[in-house]
Amino acid sequence: MAIDSRLANRLKKVKPSSTLAITSKAKKLKAEGFDIITLAAGEPDFDTPDFIKQAAIEAIQSGFTKYTPTTGIPELKKLICAKFKKDNSLEYAPEQIVASCGAKHSLFNTLLALVNPGDEVLIPSPYWVSYPEMVYLCEGKARFIQAAAKNDFKITSQELIKQITSKTKVLILNSPSNPAGCVYTKEELEGIAAICVKHKIFVVSDEIYEKLIYDGLRHASIADFNKDIYNLTITINGFSKSFSMTGWRLGYLGAPTDVAEAISRLQDHSTSNPNSITQKAGIAALGAPDEFYKKICSQFQERRDYCISRLGPMPNITPVIPKGAFYIFCDISKTKFNSLEVANQLLDKKYLSVIPGEGFGADNYIRLSFAASLENLKKGMDRLEEWLNG
(Lines give C-alpha, C1' and ligand atoms only; values in the text may rest on other atoms or scores of the structure.)
Protein backbone atom coordinates (compact mmCIF):
# COMPACT_ATOMS: atom_id res chain seq x y z
CA MET A 1 0.00 0.00 0.00
CA ALA A 2 1.41 3.39 -0.99
CA ILE A 3 1.95 5.61 2.00
CA ASP A 4 -0.11 8.51 0.62
CA SER A 5 -3.10 6.19 0.08
CA ARG A 6 -3.57 6.22 3.85
CA LEU A 7 -4.09 10.01 3.82
CA ALA A 8 -7.08 12.13 2.91
CA ASN A 9 -7.21 13.16 -0.75
CA ARG A 10 -7.52 16.82 0.22
CA LEU A 11 -3.88 16.78 1.34
CA LYS A 12 -2.46 15.48 -1.92
CA LYS A 13 -2.42 18.93 -3.56
CA VAL A 14 -0.99 20.72 -0.54
CA LYS A 15 2.71 21.56 -0.74
CA PRO A 16 5.04 22.34 2.16
CA SER A 17 5.66 26.05 2.71
CA SER A 18 8.74 27.14 0.74
CA THR A 19 9.22 30.04 3.12
CA LEU A 20 9.41 27.70 6.11
CA ALA A 21 11.69 25.25 4.29
CA ILE A 22 14.42 27.77 3.47
CA THR A 23 14.08 29.34 6.92
CA SER A 24 14.57 25.93 8.56
CA LYS A 25 17.70 25.32 6.51
CA ALA A 26 19.11 28.72 7.51
CA LYS A 27 18.36 28.06 11.19
CA LYS A 28 20.11 24.71 10.99
CA LEU A 29 23.23 26.31 9.52
CA LYS A 30 23.17 29.04 12.15
CA ALA A 31 22.89 26.44 14.92
CA GLU A 32 25.98 24.77 13.44
CA GLY A 33 27.91 28.00 13.94
CA PHE A 34 27.74 29.64 10.51
CA ASP A 35 27.38 33.44 10.31
CA ILE A 36 23.96 33.56 8.64
CA ILE A 37 22.38 36.85 7.65
CA THR A 38 18.63 36.37 7.38
CA LEU A 39 16.63 38.53 4.97
CA ALA A 40 13.87 35.93 4.87
CA ALA A 41 11.84 36.75 7.94
CA GLY A 42 8.10 37.23 7.71
CA GLU A 43 8.04 38.94 11.08
CA PRO A 44 9.32 42.22 12.55
CA ASP A 45 12.76 42.04 14.14
CA PHE A 46 11.81 44.10 17.22
CA ASP A 47 10.51 42.50 20.41
CA THR A 48 6.88 42.60 21.50
CA PRO A 49 6.50 45.96 23.33
CA ASP A 50 6.71 45.87 27.11
CA PHE A 51 3.23 47.28 27.69
CA ILE A 52 1.77 44.32 25.83
CA LYS A 53 3.92 41.82 27.72
CA GLN A 54 2.88 43.39 31.01
CA ALA A 55 -0.80 42.94 30.20
CA ALA A 56 -0.15 39.23 29.58
CA ILE A 57 1.79 38.90 32.84
CA GLU A 58 -1.08 40.51 34.75
CA ALA A 59 -3.53 38.14 33.05
CA ILE A 60 -1.52 35.15 34.25
CA GLN A 61 -1.10 36.52 37.76
CA SER A 62 -4.82 37.26 38.04
CA GLY A 63 -5.73 33.72 36.96
CA PHE A 64 -7.18 34.67 33.58
CA THR A 65 -6.22 31.24 32.25
CA LYS A 66 -9.53 29.50 31.54
CA TYR A 67 -11.74 29.06 28.50
CA THR A 68 -13.32 32.19 27.07
CA PRO A 69 -16.18 32.60 24.59
CA THR A 70 -15.21 30.99 21.28
CA THR A 71 -15.06 34.23 19.31
CA GLY A 72 -13.23 36.25 21.96
CA ILE A 73 -14.00 38.08 25.20
CA PRO A 74 -16.48 40.98 24.96
CA GLU A 75 -13.90 43.64 25.87
CA LEU A 76 -11.57 42.56 23.04
CA LYS A 77 -14.39 42.39 20.49
CA LYS A 78 -15.64 45.83 21.51
CA LEU A 79 -12.16 47.29 20.95
CA ILE A 80 -11.86 45.53 17.59
CA CYS A 81 -15.15 47.14 16.56
CA ALA A 82 -13.76 50.51 17.64
CA LYS A 83 -10.56 49.89 15.68
CA PHE A 84 -12.48 49.02 12.52
CA LYS A 85 -14.54 52.21 12.87
CA LYS A 86 -11.57 54.49 13.60
CA ASP A 87 -9.07 53.10 11.10
CA ASN A 88 -11.26 51.68 8.35
CA SER A 89 -14.62 53.50 8.63
CA LEU A 90 -16.28 50.10 9.01
CA GLU A 91 -19.25 49.59 11.31
CA TYR A 92 -19.22 46.12 12.82
CA ALA A 93 -21.23 44.90 15.79
CA PRO A 94 -19.57 42.50 18.27
CA GLU A 95 -21.52 39.56 16.87
CA GLN A 96 -19.82 40.23 13.50
CA ILE A 97 -16.35 39.83 15.01
CA VAL A 98 -14.48 36.54 15.39
CA ALA A 99 -11.11 36.50 17.14
CA SER A 100 -8.99 33.52 16.16
CA CYS A 101 -5.53 32.02 16.61
CA GLY A 102 -3.84 34.40 14.17
CA ALA A 103 -4.86 36.07 10.91
CA LYS A 104 -3.90 32.85 9.09
CA HIS A 105 -6.48 31.01 11.19
CA SER A 106 -9.06 33.69 10.36
CA LEU A 107 -8.32 33.27 6.65
CA PHE A 108 -8.63 29.49 6.77
CA ASN A 109 -11.83 29.64 8.79
CA THR A 110 -13.30 32.09 6.27
CA LEU A 111 -12.50 29.91 3.28
CA LEU A 112 -13.88 26.81 5.04
CA ALA A 113 -17.09 28.72 5.69
CA LEU A 114 -17.46 29.95 2.09
CA VAL A 115 -15.94 27.45 -0.33
CA ASN A 116 -17.72 24.31 -1.55
CA PRO A 117 -15.96 21.56 -3.51
CA GLY A 118 -15.33 22.85 -7.04
CA ASP A 119 -15.84 26.53 -6.22
CA GLU A 120 -13.24 28.81 -7.79
CA VAL A 121 -11.23 31.24 -5.69
CA LEU A 122 -9.50 34.05 -7.55
CA ILE A 123 -5.99 34.81 -6.31
CA PRO A 124 -3.84 37.63 -7.70
CA SER A 125 -0.33 36.42 -8.50
CA PRO A 126 2.24 36.73 -7.00
CA TYR A 127 0.49 35.64 -3.84
CA TRP A 128 1.21 34.67 -0.24
CA VAL A 129 2.21 31.00 -0.26
CA SER A 130 -0.65 29.76 1.94
CA TYR A 131 -3.58 31.14 -0.08
CA PRO A 132 -3.77 28.38 -2.73
CA GLU A 133 -3.03 25.64 -0.21
CA MET A 134 -5.92 26.81 1.95
CA VAL A 135 -8.19 26.71 -1.10
CA TYR A 136 -7.09 23.15 -1.89
CA LEU A 137 -7.77 22.07 1.70
CA CYS A 138 -11.30 23.41 1.25
CA GLU A 139 -11.56 21.33 -1.95
CA GLY A 140 -11.89 24.47 -4.02
CA LYS A 141 -10.03 25.45 -7.18
CA ALA A 142 -7.43 28.23 -7.11
CA ARG A 143 -7.65 30.40 -10.21
CA PHE A 144 -4.73 32.81 -10.53
CA ILE A 145 -4.82 36.32 -11.95
CA GLN A 146 -1.35 37.26 -13.19
CA ALA A 147 -0.52 40.82 -12.18
CA ALA A 148 2.17 42.83 -13.95
CA ALA A 149 5.37 44.13 -12.37
CA LYS A 150 4.85 47.43 -14.21
CA ASN A 151 1.64 47.86 -12.19
CA ASP A 152 3.41 47.03 -8.90
CA PHE A 153 1.80 43.58 -9.12
CA LYS A 154 -1.73 44.93 -8.65
CA ILE A 155 -4.51 43.41 -10.71
CA THR A 156 -6.69 45.68 -12.82
CA SER A 157 -10.45 45.53 -13.16
CA GLN A 158 -10.04 44.25 -16.72
CA GLU A 159 -7.75 41.42 -15.58
CA LEU A 160 -10.26 40.48 -12.89
CA ILE A 161 -13.21 40.35 -15.30
CA LYS A 162 -11.37 38.00 -17.67
CA GLN A 163 -10.97 35.36 -14.94
CA ILE A 164 -14.54 35.27 -13.66
CA THR A 165 -16.54 32.14 -14.51
CA SER A 166 -19.86 30.68 -13.40
CA LYS A 167 -17.96 28.87 -10.62
CA THR A 168 -16.25 31.94 -9.16
CA LYS A 169 -17.12 32.29 -5.47
CA VAL A 170 -14.34 34.28 -3.77
CA LEU A 171 -11.62 36.83 -4.51
CA ILE A 172 -8.68 37.00 -2.10
CA LEU A 173 -7.27 40.51 -1.91
CA ASN A 174 -4.12 41.41 0.04
CA SER A 175 -3.20 45.08 0.46
CA PRO A 176 -0.49 45.89 1.42
CA SER A 177 0.65 42.61 -0.05
CA ASN A 178 3.09 39.84 0.68
CA PRO A 179 5.38 39.32 -1.25
CA ALA A 180 5.32 42.40 -3.49
CA GLY A 181 4.35 45.16 -1.04
CA CYS A 182 1.74 46.60 -3.41
CA VAL A 183 -0.91 48.96 -2.03
CA TYR A 184 -4.24 49.36 -3.82
CA THR A 185 -5.63 52.88 -4.07
CA LYS A 186 -9.21 53.73 -3.19
CA GLU A 187 -10.03 54.19 -6.87
CA GLU A 188 -8.56 50.81 -7.81
CA LEU A 189 -10.53 49.08 -5.06
CA GLU A 190 -13.76 50.81 -6.08
CA GLY A 191 -13.42 49.32 -9.56
CA ILE A 192 -12.79 45.85 -8.16
CA ALA A 193 -15.67 46.24 -5.69
CA ALA A 194 -18.13 47.12 -8.47
CA ILE A 195 -17.22 43.96 -10.37
CA CYS A 196 -17.53 41.75 -7.28
CA VAL A 197 -20.95 43.21 -6.46
CA LYS A 198 -22.15 42.70 -10.03
CA HIS A 199 -21.07 39.04 -10.02
CA LYS A 200 -21.88 38.39 -6.33
CA ILE A 201 -18.31 37.40 -5.49
CA PHE A 202 -17.16 37.35 -1.87
CA VAL A 203 -14.01 39.33 -1.10
CA VAL A 204 -11.61 38.05 1.53
CA SER A 205 -9.63 41.19 2.31
CA ASP A 206 -6.34 40.40 4.07
CA GLU A 207 -5.24 43.69 5.65
CA ILE A 208 -2.62 42.40 8.10
CA TYR A 209 0.03 44.90 6.89
CA GLU A 210 -2.26 47.96 6.90
CA LYS A 211 -0.10 49.93 9.37
CA LEU A 212 3.05 49.52 7.29
CA ILE A 213 2.52 51.86 4.32
CA TYR A 214 5.10 54.26 2.90
CA ASP A 215 5.51 57.36 0.74
CA GLY A 216 2.50 59.11 2.25
CA LEU A 217 0.02 56.59 0.86
CA ARG A 218 -3.14 55.74 2.82
CA HIS A 219 -4.73 52.38 3.43
CA ALA A 220 -8.21 51.76 2.03
CA SER A 221 -10.57 48.94 3.01
CA ILE A 222 -12.71 47.58 0.19
CA ALA A 223 -15.69 46.97 2.49
CA ASP A 224 -15.98 50.71 3.13
CA PHE A 225 -17.43 51.81 -0.21
CA ASN A 226 -21.07 50.82 0.03
CA LYS A 227 -23.45 48.36 1.69
CA ASP A 228 -23.37 45.94 -1.25
CA ILE A 229 -19.62 45.31 -1.11
CA TYR A 230 -19.71 45.46 2.71
CA ASN A 231 -22.14 42.52 2.68
CA LEU A 232 -19.77 40.52 0.48
CA THR A 233 -16.52 41.28 2.31
CA ILE A 234 -14.73 39.53 5.15
CA THR A 235 -12.09 41.93 6.51
CA ILE A 236 -9.16 40.15 8.15
CA ASN A 237 -6.46 41.58 10.38
CA GLY A 238 -4.32 40.70 13.37
CA PHE A 239 -1.55 41.63 15.76
CA SER A 240 1.47 39.82 14.34
CA LYS A 241 2.98 42.41 12.03
CA SER A 242 2.13 45.77 13.62
CA PHE A 243 2.92 44.73 17.19
CA SER A 244 5.56 42.03 16.57
CA MET A 245 3.27 39.43 18.16
CA THR A 246 3.82 36.63 15.64
CA GLY A 247 4.17 33.92 18.28
CA TRP A 248 1.20 35.10 20.35
CA ARG A 249 -1.30 33.90 17.71
CA LEU A 250 -4.16 36.36 17.71
CA GLY A 251 -6.06 37.50 14.64
CA TYR A 252 -9.58 38.66 13.93
CA LEU A 253 -12.15 39.27 11.25
CA GLY A 254 -15.22 41.36 10.64
CA ALA A 255 -17.90 39.80 8.46
CA PRO A 256 -21.58 39.83 7.56
CA THR A 257 -23.53 38.33 10.46
CA ASP A 258 -24.37 35.03 8.77
CA VAL A 259 -20.75 34.47 7.77
CA ALA A 260 -19.47 35.37 11.26
CA GLU A 261 -21.98 32.96 12.83
CA ALA A 262 -20.87 30.16 10.50
CA ILE A 263 -17.21 30.79 11.33
CA SER A 264 -18.10 30.81 15.03
CA ARG A 265 -19.70 27.36 14.71
CA LEU A 266 -16.65 26.11 12.88
CA GLN A 267 -14.33 27.44 15.58
CA ASP A 268 -16.55 25.94 18.29
CA HIS A 269 -15.56 22.50 17.04
CA SER A 270 -11.94 23.11 16.05
CA THR A 271 -9.86 25.36 18.29
CA SER A 272 -12.52 26.97 20.50
CA ASN A 273 -11.27 30.34 21.79
CA PRO A 274 -7.95 32.00 21.02
CA ASN A 275 -5.50 31.97 23.93
CA SER A 276 -7.01 33.77 26.91
CA ILE A 277 -3.77 35.45 27.97
CA THR A 278 -3.07 36.62 24.42
CA GLN A 279 -6.53 38.20 24.28
CA LYS A 280 -5.60 40.41 27.25
CA ALA A 281 -2.36 41.30 25.48
CA GLY A 282 -4.40 42.18 22.39
CA ILE A 283 -6.54 44.56 24.43
CA ALA A 284 -3.39 46.40 25.52
CA ALA A 285 -2.09 46.48 21.94
CA LEU A 286 -5.29 48.04 20.60
CA GLY A 287 -4.80 50.87 23.08
CA ALA A 288 -1.51 51.93 21.46
CA PRO A 289 -1.44 55.56 20.23
CA ASP A 290 -0.97 56.43 16.55
CA GLU A 291 2.59 57.58 17.31
CA PHE A 292 3.47 53.95 18.04
CA TYR A 293 2.69 52.92 14.46
CA LYS A 294 4.27 56.02 12.94
CA LYS A 295 7.59 55.30 14.63
CA ILE A 296 7.67 51.70 13.42
CA CYS A 297 6.59 52.69 9.91
CA SER A 298 9.31 55.35 9.75
CA GLN A 299 11.97 52.82 10.72
CA PHE A 300 10.81 50.35 8.09
CA GLN A 301 10.72 53.02 5.37
CA GLU A 302 14.32 54.00 6.23
CA ARG A 303 15.34 50.37 5.83
CA ARG A 304 13.41 49.99 2.59
CA ASP A 305 15.02 53.10 1.13
CA TYR A 306 18.48 51.86 2.08
CA CYS A 307 17.91 48.48 0.42
CA ILE A 308 16.52 50.04 -2.76
CA SER A 309 19.51 52.38 -2.96
CA ARG A 310 21.83 49.38 -2.76
CA LEU A 311 19.87 47.12 -5.12
CA GLY A 312 19.55 49.71 -7.89
CA PRO A 313 23.16 49.54 -9.15
CA MET A 314 23.54 45.76 -8.72
CA PRO A 315 23.73 43.65 -11.89
CA ASN A 316 21.15 41.04 -12.88
CA ILE A 317 18.56 41.98 -10.26
CA THR A 318 15.61 44.35 -10.54
CA PRO A 319 13.61 45.26 -7.43
CA VAL A 320 9.95 46.26 -7.46
CA ILE A 321 9.76 49.14 -4.99
CA PRO A 322 7.25 48.17 -2.28
CA LYS A 323 4.71 50.71 -1.05
CA GLY A 324 3.86 48.68 2.05
CA ALA A 325 4.72 45.62 4.21
CA PHE A 326 8.43 44.84 4.69
CA TYR A 327 9.48 42.85 1.64
CA ILE A 328 11.18 43.65 -1.66
CA PHE A 329 10.34 41.36 -4.58
CA CYS A 330 13.29 41.17 -6.95
CA ASP A 331 13.45 39.91 -10.55
CA ILE A 332 16.45 37.58 -10.84
CA SER A 333 15.71 36.20 -14.34
CA LYS A 334 18.92 37.72 -15.71
CA THR A 335 20.97 35.41 -13.47
CA LYS A 336 19.70 32.48 -15.58
CA PHE A 337 18.91 30.59 -12.36
CA ASN A 338 15.47 29.86 -10.97
CA SER A 339 14.47 31.25 -7.59
CA LEU A 340 15.25 28.11 -5.57
CA GLU A 341 18.69 27.84 -7.15
CA VAL A 342 19.41 31.49 -6.30
CA ALA A 343 18.18 31.07 -2.73
CA ASN A 344 20.26 27.94 -2.18
CA GLN A 345 23.39 29.43 -3.75
CA LEU A 346 23.11 32.57 -1.62
CA LEU A 347 22.69 30.47 1.50
CA ASP A 348 25.40 27.93 0.69
CA LYS A 349 28.01 30.32 -0.72
CA LYS A 350 27.32 33.63 1.02
CA TYR A 351 25.40 32.54 4.13
CA LEU A 352 22.57 34.85 3.12
CA SER A 353 19.00 33.65 3.58
CA VAL A 354 16.30 34.88 1.17
CA ILE A 355 12.98 33.38 0.06
CA PRO A 356 12.54 31.88 -3.43
CA GLY A 357 9.65 33.27 -5.45
CA GLU A 358 8.55 29.82 -6.63
CA GLY A 359 6.12 29.46 -3.70
CA PHE A 360 4.60 32.86 -4.50
CA GLY A 361 3.87 31.90 -8.11
CA ALA A 362 6.87 33.83 -9.48
CA ASP A 363 9.90 31.62 -10.09
CA ASN A 364 11.91 34.48 -11.61
CA TYR A 365 11.84 36.40 -8.32
CA ILE A 366 13.23 36.23 -4.81
CA ARG A 367 11.79 37.95 -1.75
CA LEU A 368 14.04 40.00 0.51
CA SER A 369 12.77 41.07 3.92
CA PHE A 370 13.92 44.37 5.36
CA ALA A 371 12.59 43.41 8.79
CA ALA A 372 16.20 43.40 10.01
CA SER A 373 18.62 45.86 11.57
CA LEU A 374 20.42 48.32 9.30
CA GLU A 375 23.67 46.58 10.25
CA ASN A 376 22.38 43.22 9.03
CA LEU A 377 20.80 44.80 5.96
CA LYS A 378 24.20 46.26 5.04
CA LYS A 379 25.87 42.87 5.46
CA GLY A 380 23.10 41.22 3.49
CA MET A 381 23.33 43.68 0.61
CA ASP A 382 27.12 43.28 0.56
CA ARG A 383 26.82 39.51 0.31
CA LEU A 384 24.13 39.68 -2.35
CA GLU A 385 26.24 42.08 -4.41
CA GLU A 386 29.29 39.84 -4.09
CA TRP A 387 27.33 36.84 -5.37
CA LEU A 388 25.80 38.79 -8.26
CA ASN A 389 29.22 40.07 -9.29
CA GLY A 390 30.43 36.46 -9.35
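**Close-up views of a predicted model**

View 1. 5 bridges link S10 with strand S13 (residues 365-369), and the two run antiparallel. Within S13, Ile366 is the bridge partner of Cys330. S10 also pairs with strand S9 (residues 318-320), in the antiparallel sense and over 3 bridges; here Phe329 of S10 is the bridge partner of Val320. The hairpin of S9 and S10 has 6 residues between the strands, and Ala325 in this hairpin takes a positive phi near 60°. Of the 5 residues of S10 (residues 327-331), 4 are buried, so the strand is largely enclosed by the rest of the structure.

**View 2. Helix H4 (residues 103-114).** The end C-alpha atoms of H4 are 17 Å apart, which agrees with the 16 Å that its 12 residues should span at 1.5 Å a residue. Buried residues of the helix include His105, Asn109 and Leu114.

**View 3. The largest cavity, with a volume of about 110 Å³.** Its lining comprises 15 residues, of which Pro124, Pro126, Tyr127, Asn174 and Ser177 are the closest to the centre. Strands S3 (120-125) and S5 (168-174) each supply at least two lining residues, and S5 gives the most, with 3. The lining has 12 nonpolar, 3 polar and no charged residues.

**View 4. The second largest cavity, with about 80 Å³ of space.** Among the residues lining this cavity are Lys83, Asp87, Glu210, Lys211, Phe239 and Tyr252. Helix H3 (74-88) and strand S7 (233-238) are the elements that give two or more residues to the lining. By class, this lining divides into 5 nonpolar, 3 polar and 4 charged residues.

Note on methods:
Residues are numbered from 1 along each chain as its sequence is written. This is a predicted model: local features need pLDDT of at least 70, side-chain atom pairs count only at pLDDT 80 or more; totals for chains, interfaces and linings use all residues. Side-chain values use heavy atoms; hydrogens and water are left out. The expected span of a helix is 1.5 Å times one less than its number of residues. Buried means under 20% relative accessible area, exposed over 50%, partly exposed in between (1.4 Å probe, protein chains only). Two strands pair if DSSP finds at least two bridges between them. On a 1 Å grid over the protein atoms alone, a cavity is a set of points where a 1.4 Å probe fits but cannot get out, and a pocket is an open set with protein on both sides within 12 Å along at least five of seven lines; lining residues have an atom within 4 Å of a point. Grid points are joined across faces, edges and corners, and a volume is the space filled by probe spheres set on the points. Ala, Val, Leu, Ile, Met, Phe, Trp, Tyr, Cys and Pro count as nonpolar, Asp, Glu, Lys and Arg as charged, and the others, Gly among them, as polar.
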